[in-house]
Amino acid sequence: MTSAHNGPRVRPAIASIPAYVPGRPPAPRPGVPTYKLSSNENPYPPLPGVLEAATAAAATMNRYPDMGCTALYAALGEHLDVPADNLAAGAGSVAVLYHLLQAYCEAGDEVVYAWRSFEAYPIAVAVTGATSVQVPLGPEARHDLDAMAEAITDRTKVVIVCTPNNPTGPAVGRAELEAFLDRVPPHVVVVVDEAYREFVRIDDPVDAVALYRDRPNLVVMRTFAKAYGLAGFRVGYLVAAQPIASAVRACSLPFGVSAVAQAAAVASLEREADLLERVDALVAERERVVTALREQGWSVPDAQGNFVWLSLGDRTGEFAAAAEEAGVMVRPFAGEGARVSIGDPAGNDVFLKVAAGFAG
């Protein structure tokens, strides 16, 4: 029998990949209402018409989906006023990021991004064999774009800007992003991850699609998982100049976006007015939660997504356990803090009650 160390060997880069930690659902508890505030999900049920479109698409599950995402690209192209060959879709924007990094990175290359930021970034980078260059967040848990620009070397292939930043919440302004882009060499791909853009309410918001038209190295990543409420169907996309979009599509899994997901995404775009009403309601609830937390004494970073960040340090595990005991699941980051999604008001009120016991 062959011993284990003589068997197939995993690439060293794969062996060192950190595990992605999804938000846990609450365990059912008799007599205790439970709330999942750990995954930044939209708490609303599907928009009228979206479920019907998805159900109709499921009737042809014996057929492969449209690999070219023809209807989805046509709808997105009209919605965003971009050509179809500037689009690339995947099973969530995180899959699109994987494909992009596969297209541009290999061992010896570097990818620069803020930290803490989206926990999928170091995993996606490591899969390619490239090296992550993590630039610490600046004051108030914001991107330090000057430090990120200075971290770019001749080995840098990709820079990622997450705005609003997951899990801390602040968004980058348009003027500061443009100033940063002016400092990035033209051969370096800049990914602006706008997974939560619909929730942003700052004076100078970024619309990266408006910026990419004049910047051939700029990539815009967006998703249907958050504001559009299609987290369970996994469909995201990028907008980029044709050479980049084409390279990403070349790396994509064949038939990676299901027919159901494509149909639901197209139907969601057709109902955006209704969607934005829901987003406004979530933003109002976010502001209520942030105001309450600050009144309790918390120093909450500027929350521009559908979540809030509590910097808890060594008390993070204790807080998460107390929240779970009260029926609320949050997303703890050991030794740093907890990200708490904005859910329905009843769940948010339970979270606020727990937070009050840890304030100060």
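Biologist: Which residues of α4 meet which residues of α9?

Modeller: Contact here means heavy atoms within 4.5 Å. In this predicted model, V96, H99, L100, Q102, A103 and Y104 of α4 meet P243, I244, A247, V248 and C251 of α9. The residues of this contact comprise nine nonpolar, two polar and no charged. In that division, Ala, Val, Leu, Ile, Met, Phe, Trp, Tyr, Cys and Pro count as nonpolar, Asp, Glu, Lys and Arg as charged, and the others, Gly among them, as polar.

Biologist: On what basis are residues numbered, and which parts of a predicted model are used?

Modeller: Numbering starts from 1 along each chain as its sequence is written. Local features need pLDDT of at least 70, side-chain atom pairs count only at pLDDT 80 or more, and totals for chains, interfaces and linings use all residues, while side-chain values use heavy atoms, with hydrogens and water left out.

Biologist: At what angle do the axes of α4 and α9 cross?

Modeller: Axes are lines fitted to C-alpha atoms, for helices over the stretch in contact, and angles run from 0 to 180 degrees between N-to-C directions. Helices (H or I, at least four residues) and strands (E, at least two) are DSSP runs, numbered from the N terminus. The axes of α4 (residues 93-104) and α9 (residues 242-251) come within 8 Å and cross at roughly 105°. Angles under 35 degrees count as roughly parallel, over 145 as roughly antiparallel, 65 to 115 as roughly perpendicular and the rest as oblique. The helices α4 and α9 are therefore roughly perpendicular to each other.

Biologist: Which residues touch the most other members of the largest nonpolar core?

Modeller: In soluble globular proteins, nonpolar side chains tend to be buried together. A nonpolar core is a set of buried Ala, Val, Leu, Ile, Met, Phe, Trp, Tyr and Cys residues joined through side-chain atoms within 4.5 Å. Buried means under 20% relative accessible area, exposed over 50%, and partly exposed in between (1.4 Å probe, protein chains only). The largest core has 112 residues, of which F180 and F351 touch the most other members. Helix α11 (residues 272-296) gives the most to this core, with eight residues. Residues up to four places away in sequence aside, F180 touches L145, M148, A149, V159, V161 and V190.

Biologist: Where does K226 lie, and is K226 buried or exposed?

Modeller: UniProt, in an unreviewed entry, lists K226 for "modified residue: N6-(pyridoxal phosphate)lysine". UniProt positions are given in the numbering used here, feature names are shortened, and annotations may be inferred rather than shown by experiment. K226 lies in the loop between β7 and β8 and, at 16% relative accessibility, counts as buried. Apart from neighbours within four places in sequence, K226 contacts S39, N40, N42, A195, Y196 and F199.

Biologist: Where is R234 found, and what is the phi of R234?

Modeller: R234 is found in the loop between β7 (218-223) and β8 (236-239). Although not a glycine, R234 has a positive phi of about 60°. With a relative accessible area of 32%, R234 is partly exposed. C69, also a residue other than glycine, has a positive phi near 50°; C69 counts as buried at 5% relative accessibility.

Biologist: What is the omega of the peptide bond from T163 to P164?

Modeller: That bond, from T163 to P164, is cis, with omega near -5°. P164 has its place in the loop between β5 (156-162) and α7 (174-183). The bond from W115 to R116 is cis, with omega near 15°.
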